[in-house]
Amino acid sequence: MSARPEDDPLDRHALVVAVWLAGGFVAATLLSIGLERGSFVVTLAAFGAALAAFIGHVIVNEVFQTGFTPRELGLGLVGAVAGLVAIGLGGLVSPEFRATGFLPASLGLIGLAAAVIVYMLIRHGVRGAFDAFDVIRDFRR
Amino acid sequence: MMSLLIVLFGVTAAYAVYIAALCARRRQTPVFEAEGLPAWTFIFGSAGLVVAGLGLDAHLALAARYGLQASHLAVGLVLVALTGVLVVKRVVLAARLTGIASPGALLGGYYGSVTLRIAVMVLAALYALPFSAAALAGVGDLVSAATAGALPRAGVIAVVAVFLFLPSVLGGWRAIVYVAAGQSLIVLVLLAFLAVAVSTDLGVPLFGAAIPTAGGILADRIPGVFQASAGIGKGAAIGGIWTTTGILSSALALAGIVLSPAYLLLAIGTRARTAVAFSQTWVTGGIAAGLLVVGTPILAAALATAEGGGPAVAMAGLADRLAAYEPLLGVGLILLVVGVVQIGIALFAGAAARIFAHEAVALYVLPRLSPAGERLATRISLAVVFALLAAMAVFAPLPSAILASLALPLSIQLLPALLGLCFLPWLSRSAVLAGLVVGCLMVFFTEPPGLILFDGLFVELPWGRWPLTVHSAAWGLAFNLAATLLAAIFTRGGAEQDHRDRLHDAFRAAYPADLGSGAARGAKWSLVLLWSFLALGPGAILGNTFFSDPIFAGGPAQVGLPSLWVWQVLFWFVGVFLIWWLAYHGRMAVIEPGPARRVSYETGPPSAFQRRAPLWIERTLARVARR
């Protein structure tokens, strides 16, 4: 059957959205249960589900021989910052969250960040991964 | 829970419309073309379609009522995958060699038969209308019960139908397939997650849950190899209806989904070479079957303890119990059941509309239709199909359910025709048609439509549904194969066989099958038969006590799990290995790159076969006329 190069981005995009919908639902449910009941393991498992969705996304990228699109990177960064702000605010304003949810949520977010760094190291190598954040060199140009 | 339910339905509907809009924006691609779909759409979409054919809510309700004997049908997904391994590759290659991308036109062109083409169209209509309508009616009942009537049944049906129709008409077959495949992935994840969540939250054991059934039903055993019962409605089966022959024949019926027009259309449109093998081995036979083997007893055990009158009310009760623990879990259960139904409806309705517009309207009604006209015809067909199925779901759920019972068993009656197309050039048109007619009649008279019609109009039949606890699919297929083989003996050779040989010559030249030496071939077939015998057939009766009361131990063993459940898991594992061996090692489902359009078959009314009365009728008439 004929392959159409113009359909490839759509092929990939539809699958990526499905992967994140599935992973996102599981992560949201686990996070809700974990925070509601103050369960360390379940809250951490929520980030595990998000990590599984991220790994699924990476696998899709590899199958389609592509990387993250600028929009996906932007959305990911916004999500990470929002998560960080939410955890910080939660820790400041809610004693309950500070007591039971802060540690697993922070660990989960750190785990996700670590997964992103590991992915970049594997995909781009140490120098390539560092170059991506080397803003100073951009100024020198 | 209701507001959360509406929001999450909105998210899935937005996903569908968004993908459809993206498809529609690519104007250079005809939206109703079925070719060039990526591998993942078939990998997940086919598994979702199989689960939709099984009917997840019905399967869970049966397992809650009959216990492990009914959930044993999950092992039948391995048989479904084996059927896929057997026919899908050759159908895809035949489509490639002939350039015909529609299952009905392919069978019709190969056999030179308009009847077969009409049969495929009727089958597509059966799946798209009564089968989908019965499933949609179930969705209406479930959501209405879950929201305590706040969302009325008719309104739910209308909204679900509209949000299935919108992406279909906007983005065409491509969007339908993307969305259905995406939903299949979500459904598989939800099934796994909810099984674990129900086990954790409601205290049901994760492995080998005991399903509390009513008295007189064997919850963790198969009630015999077969039973001399007159059939459902005319006689009772002791201990339950799921005997080994009942399970095997029901698995055969389920395999009919592989031969359904939607499934074949999905397969023909896939472009990757290993998609079929991967899908059958790891997703349908592996993940989907495994999740159902392990997950069904958990969900069914929880469902059996839920209070409620009918299956929909019981399911809503279970969703309520889960929602009391965590609202997202309750909504997730409803999304799971509705998602499975949506996959089926989208693919069945889309395939029926496409087949009808392509094979009926564009070929017979308006033969000079332009591509744009054909797209319009498909869109109109889609509108008609969705309007009809929604109307049937709202106003005629019972007749829909009665007619829906025919879809799967009639589907499997196409097996001889497809085996002829794939492997057996000596199966003639007459033989296949004779078998099809006999098989369909047998199905009709062992399912509710035939029984109700005959009992109402003529005389009460002595048998009910599934006599001798054998599913109508098996009754039909047995008589179908007998009639096909008998007729094939007398109709071999001639111009018709030359016509069919062209495709098989092209198979041999372009895609030589390497099924190994005689011993390897024998091993392939005999292992499949042996597995079927032990996993689903009469041998499965050994699973009742094989692990709990082993004959070699001299007494009962403390396994801590129902022996039948262990047997199911064991044969699921063995079945996956068998599928892998045939699909990859035997190359039966790996599609090699190769030439296309080597054989030309007419897709219009056949001129190669002149319409004439059968010879025996001609001779008899001549004799009578001479006198």
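**Figure 1. Helix α2 of chain B in the predicted model.** Helix α2(B) covers residues 39-54, 16 residues in total, where helices are DSSP runs (H or I, at least four residues) numbered from the N terminus. From first to last C-alpha the helix reaches 23 Å, close to the 22 Å expected at 1.5 Å a residue; the expected span is 1.5 Å times one less than the number of residues.

**Figure 2. Packing of helices α9 and α20 of chain B.** The axes of α9(B) (residues 244-255) and α20(B) (residues 472-490) lie 7 Å apart at an angle of about 80°, and the helices are therefore roughly perpendicular (65 to 115 degrees). Axes are lines fitted to C-alpha atoms over the stretch in contact, with angles from 0 to 180 degrees between N-to-C directions. Ser249(B), Leu252(B) and Ala253(B) of α9(B) meet Ala473(B), Ala474(B) and Leu477(B) of α20(B).

**Figure 3. The contact of chain A with chain B.** Chain A gives 21 residues and chain B gives 24 residues, with contact meaning C-beta atoms, placed from the backbone, within 7 Å.

**Notes.** Residues are numbered from 1 along each chain as its sequence is written, and chains are lettered from A and ligands numbered from 1 in the order written. In this predicted model, local features need pLDDT of at least 70 and side-chain atom pairs count only at pLDDT 80 or more, while totals for chains, interfaces and linings use all residues.

Key: Contact = placed C-beta atoms within 7 Å. Helix = DSSP H or I, 4+ residues; strand = E, 2+ residues; numbered from the N terminus. Parallel < 35°, antiparallel > 145°, perpendicular 65-115°, else oblique.
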